[in-house]
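Please open the model in your viewer and keep the selection tool handy. We will go from stop to stop, selecting a few residues each time and looking at what is there.

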Amino acid sequence: MKRRSFLRSEAGHGLLMLSPTALYATIVMAAPLVAVFVFSFMTPGYLKVVWTFTLNNYAKVFSSPIYTALLGRSLMTSGVVTAVTVLTAFPIAYFISFYVSPARKSLWLFLITIPFWTSYLIRVFLWKVILGYNGVINSAFLGLGIIHEPMTFLLYNMNSVVITLAHSYAPFAILPIFVALEKIDRSLLEAGQDLGESRFMTFIRVTLPLAMSGVVASVLIVFIPTAGDYVTPTLVGGANGQMIANVIQLQYFKLGDYPMGSAVSITAMAVVTAMALVFVFLNRRFLRGPK
Amino acid sequence: MTSSPAPAARLARPLIELREVEKYYGDYYALRKITTDIREGEFFSLLGPSGCGKTTLLRCIAGFEDISGGHLAIDGKDMEDVPANKRPTNMVFQSYAIFPHLTVEENVGFGLRRDPSSKEDKARRVAEALEMVGLKGFGKRAAHALSGGQRQRVALARALILKPRVLLLDEPLSALDKKMREQMQSELRKLQRQVGITFILVTHDQEEALIMSDRIAVMFEGEIAQLDSPERLYRRPISRKVAEFIGIMNFLPAQVLSTGPQIALDVAGLGQIGIDAEQCPGTPRTGEASVGFRPETMTVLYDGDPEPTRGKVAQGTVEEVVYFGDMSYYEVRLEGVEKPVQISMRNVVGRPVLPRGSRTRIAWEAGALVLFCEPKG
């Protein structure tokens with residue numbers, strides 16, 4: 001009787017509707033995460049895990065220069081990608097929100113998603129074609145006589161990783177900023193001018209603070225996944241463009257050291273989470289971001 | 001006859017000069033050759049139905065819209081190339097446009113950034129402005145935690161702290177509930193007298209315009225139909241359209257028999273009468289016309305009431321009575337007129353409301369009538 005009434009209650013209905021998704025999320029997200037977390041404290045054995053507790057894996061992560069260097073480079077790359085992506089996304093979002101007629105806004109947003117119609121892998125390969133030794137840019141510049149031998153700094157280093165990732169994540173950065181800009185009551189901008197500020201100062205004092213919620217979302221959406229990106233550095237990174245995800249892959253699939261790979265993963269996750277939290281906190285504290 | 005003007009209005013020099021101001025979007029005319037002066041220190045209202053151009057005119061004065069033709073000068077200076085942020089005007093927006101990311105204090109002090117005075121001086125002025133609008137102690141509150149009436153006050157303080165020559169108010173009371181609106185109407189009026197700044201109010205609420213303004217411009221379809229004091233506007237509307245927009249007016253078909261200083265009329269239901277030329281705000285001419293009067297200018301007489309010494313009497317039948325406590329509203333069918341006329345009467349002790357169907361006499365004064373000679377519309 002009691003069970004029946006629970007299932008009929010509003011909370012019961014809600015939980016029932018939620019349960020398939022919750023189950024799915026548990027199986028494919030929470031369970032692997034827990035497994036990785038547990039593995040990271042176990043003793044390595046080739047292609048298997050020895051079930052004895054140890055902190056050695058973490059000791060290695062923090063003591064050997066390769067991991068810290070790669071983690072540092074990952075955060076650095078991802079930070080640059082985030083800055084480039086968000087700074088280029090803002091003017092685009094601003095243009096669509098303020099200058100495109102309302103009837104055409106959805107068309108513009110649709111156009112922005114066009115790169116997603118091809119696979120991520122193909123887009124990365126295309127950048128290889130564009131940036132390569134005999135690629136589009138080099139051939140064009142050589143043909144125009146601007147350079148006399150192909151530029152080599154374009155591909156297989158951090159530059160190419162940044163360019164490729166910034167392109168891939170552009171729509172993710174544009175959309176949240178666009179939404180934040182759309183929500184700004186236009187009379188606020190008139191009020192800013194009415195109170196004596198120029199268009200530019202009105203932008204600084206009104207538009208930008210009110211768009212910060214979108215900027216913060218964009219930063220997080222770009223920063224968190226790019227810090228752990230694996231495909232792009234593999235394909236266009238070369239030896240000097242490798243990131244932390246590449247070493248995790250190496251530990252797991254080449255060396256068969258699951259506990260070590262797990263420890264690097266957990267460390268990377270913890271660092272990225274900490275940085276994201278610090279960013280959100282700083283933003284709230286000093287830039288009056290979303291409350 | 002008019003309400004006492006604000007002290008500064010005695011100078012009565014035009015603060016805003018509009019000369020054939022036009023605004024069109026493609027081939028749609030929002031404003032058609034508006035020419036008028038707005039005086040220093042007056043409470044000026046732009047009144048009209050939605051789409052009449054009143055808000056467009058206000059936005060042209062503020063500088064948010066460029067005018068398509070004509071000239072607009074404030075304080076003797078042409079405003080053509082002056083952007084909104086350089087004009088001596090400030091606006092209270094319909095939505096109030098309170099910055100949601102700032103506190104009340106920061107909102108009010110927003111326009112003081114470029115002011116050279118010290119931080120303490122600015123803080124003192126913000127506190128004063130808040131006190132003036134009745135928000136003392138609200139400075140630290142977040143703007144989004146305010147009620148509609150409080151937002152309104154913040155918007156007022158934020159504009160008035162800059163001591164503009166003109167305060168522009170775009171339907172500032174339309175979002176408030178009735179009680180709050182009435183309170184703000186009287187507060188705004190007092191505030192305007194206190195600061196002596198010219199106020200230009202845009203409203204579609206004729207009652208609000210009548211209560212608050214020194215002068216009202218009634219606008220229809222991009223043109224000013226009549227610009228007058230509230231009392232003139234109510235008593236001597238220039239056209240049937242203006243008359244119908246402001247309060248209630250009864251119309252009776254009439255025939256103009258002769259014109260001159262005295263106009264001879266034959267009015268349906270009232271008979272042959274003569275009125276002053278002053279009672280025809282348009283151009284009088286013989287022929288078909290209509291005569292209007294306000295509901296309170298006629299009196300329903302009871303049996304045995306003496307006929308008024310001045311004024312006249314007509315015969316009618318009570319068709320409908322609505323009792324409102326302090327007032328009663330009668331619909332009376334005059335003899336020979338199809339549409340009943342509305343008459344409002346103050347209720348008096350010892351005089352019960354007349355029942356429906358009563359035969360009655362209506363007393364009226366010739367001075368209350370307004371003659372409209374415009375073609376029938």
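**Stop 1: a pair of cysteines in chain B**

Before you start, keep in mind that this is a predicted model. Select Cys280(B) first: this residue is buried, with a relative accessible area of 6%. The cut-off for a disulfide is a pair of cysteine sulfur atoms within 2.5 Å. Cys280(B) is accordingly in no disulfide, with the sulfur of Cys373(B) as its nearest cysteine sulfur.

**Stop 2: the two domains of chain B**

Next, colour chain B by domain: select 7-241 for domain 1 and 248-372 for domain 2. How far apart do the C-alpha centres of these domains lie? The answer is 39 Å. Where the two domains of chain B meet, 9 residues of domain 1 are in contact with 12 residues of domain 2. Together they bury about 930 Å² between them, and 50% of that is on carbon and sulfur atoms. To see where the domain 1 side of chain B contributes, select Tyr234(B), Arg236(B) and Arg240(B): these lose the most area to domain 2, together 68% of what that side buries.

**Stop 3: charged and polar links between the domains**

Stay at this interface and show side chains. Between domain 1 and domain 2 of chain B, the count is 2 salt bridges. For a salt bridge to look at in detail, select Arg236(B) and Glu278(B), whose side chains meet at 3.0 Å, N to O. Then display helix H7 of chain B, residues 230-235: with 4 residues, this helix gives the most to the side of domain 1 that touches domain 2. Across the interface of these two domains of chain B, 5 residue pairs are in polar contact, both residues being at pLDDT 80 or more.

**Stop 4: a serine in chain A**

Finally, move to chain A and select helix H13, residues 258-286, where you will find Ser262(A). Is Ser262(A) buried or exposed? Ser262(A) counts as buried, because its relative accessibility is 0%.

Key:
Residues are numbered from 1 along each chain as its sequence is written. Chains are lettered from A and ligands numbered from 1 in the order in which they are written. This is a predicted model: local features need pLDDT of at least 70, side-chain atom pairs count only at pLDDT 80 or more; totals for chains, interfaces and linings use all residues. Side-chain values use heavy atoms; hydrogens and water are left out. Buried means under 20% relative accessible area, exposed over 50%, partly exposed in between (1.4 Å probe, protein chains only). Helices (H or I, at least four residues) and strands (E, at least two) are DSSP runs, numbered from the N terminus. Domain bounds come from an automatic or database domain assignment. Contact means heavy atoms within 4.5 Å. Buried area is the accessible area (1.4 Å probe) that two parts lose on being put together, summed over both. A salt bridge is a side-chain nitrogen of Lys or Arg within 4 Å of a carboxyl oxygen of Asp or Glu. A polar contact is a pair of N or O atoms within 3.5 Å; within protein, one must be able to donate a hydrogen and the other to accept it, and residues adjacent in sequence count only if both atoms are side-chain atoms.
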